[in-house]
Amino acid sequence: MENPKRIGGRPRHDPTPSGRRLVEVLVAEGVPQAQICAVLTISEKTLRRYYGAELRRGSSKLESALALRLYQLAGGKGAVALKALIFLLRAKFGWSRYAPPRC
């Protein structure tokens, strides 16, 4: 018995190199996944399925940039900016003085 051809439904998503680069850049700039999905007109499940490596790479770039800026501010003046960056790192990446260190 043969399987009948699938009719209907959404077309298969084929990621392009430019789409991969766009996802990585948007994540590195801190754009939420829901907004990235709106730009690419795909679901969040599809985004995570086809662009997982880009999501991880972009997130690492963002975290590194924030940490670098935090170190720069720690040596200077501007308590408000320092507190804002600490808040972002805690909120976005789960940094906490109470959580055990990640390996």
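What percentage of the contacts in the chain between residues at least 6 apart in sequence join residues at least 24 apart? The figure is 51%. Please keep in mind while reading that this is a predicted model.

## The overall picture

Let us begin with the whole chain. Its secondary structure consists of five helices and zero strands, so the order of elements from the N terminus reads α-α-α-α-α. There are 103 residues in the chain, and 25% of them count as buried. The chain exposes about 8200 Å², with 58% of that area supplied by carbon and sulfur atoms.

Helix H2 covers residues 33–40, and its buried residues are Ile 36, Cys 37 and Leu 40. Looking down the axis of H2, you would find these buried residues within an arc of 100°, so they line one face of the helix. On the other side of H2, Ala 38 and Val 39 are exposed. What do the buried residues of H2 pack against? Their partners are helix H1 (17–28) and helix H3 (44–50).

Just after H2 comes Thr 41, in the loop between H2 and H3. Most residues other than glycine have a negative phi. Thr 41 has a positive phi of about 50° although it is not a glycine. With a relative accessibility of 69%, Thr 41 counts as exposed.

In soluble globular proteins, nonpolar side chains tend to be buried together. Here, the largest nonpolar core has eleven residues, including Val 23, Leu 26, Val 27, Ile 36, Cys 37 and Leu 40. Ile 42, Leu 47, Tyr 50, Tyr 51 and Leu 55 also belong to this core. The elements that give two or more residues to the core are H1, H2 and H3.

Not counting residues up to four places away in sequence, Cys 37 touches Ile 42, Ser 43, Glu 44 and Leu 47.

A second, separate core has seven residues, among them Leu 62, Leu 85, Leu 89 and Phe 93. Leu 85 sits in helix H5, which spans residues 79–93. This leucine, Leu 85, is buried, with a relative accessible area of 11%. Once its neighbours within four places in sequence are set aside, Leu 85 is in contact with Leu 66, Arg 69, Leu 70 and Leu 73. Leu 85 and Ala 67 are 18 residues apart in sequence, and their C-alpha atoms are 8.3 Å apart in space.

Another residue to look at is Thr 46, in helix H3. Is Thr 46 buried or exposed? Thr 46 is buried, because its relative accessible area is 19% and the cut-off for buried is under 20%. Leaving aside its neighbours within four places in sequence, Thr 46 is in contact with His 13 and Tyr 51.

## Salt bridges

Side chains of opposite charge can pair when their charged atoms come close. How many salt bridges does a search of the whole structure find? The search finds six, and the table shows three examples.

| Salt bridge | N to O distance |
|---|---|
| Asp 14 and Arg 12 | 3.5 Å |
| Glu 54 and Arg 20 | 3.1 Å |
| Lys 61 and Glu 24 | 2.5 Å |

In the pair of Asp 14 and Arg 12, both residues are exposed.

Glu 54 counts as buried at 5% relative accessibility, whereas Arg 20 is partly exposed at 29%.

Lys 61 counts as partly exposed, at 42% relative accessibility, while Glu 24 is buried, with a relative accessible area of 8%. Salt bridges that share partners join Arg 20, Glu 24, Glu 54, Arg 57 and Lys 61 into one network.

What does Glu 24 touch, not counting residues up to four places away in sequence? The list is Glu 54, Arg 57, Gly 58 and Lys 61.

Notes:
Residues are numbered from 1 along each chain as its sequence is written. This is a predicted model: local features need pLDDT of at least 70, side-chain atom pairs count only at pLDDT 80 or more; totals for chains, interfaces and linings use all residues. Side-chain values use heavy atoms; hydrogens and water are left out. Helices (H or I, at least four residues) and strands (E, at least two) are DSSP runs, numbered from the N terminus. Buried means under 20% relative accessible area, exposed over 50%, partly exposed in between (1.4 Å probe, protein chains only). Contact means heavy atoms within 4.5 Å. Accessible areas come from the Shrake-Rupley method with a 1.4 Å probe; for residues, only the protein chains shown count as cover. The arc is that of the directions from the helix axis to the C-beta atoms. A nonpolar core is a set of buried Ala, Val, Leu, Ile, Met, Phe, Trp, Tyr and Cys residues joined through side-chain atoms within 4.5 Å. A salt bridge is a side-chain nitrogen of Lys or Arg within 4 Å of a carboxyl oxygen of Asp or Glu.
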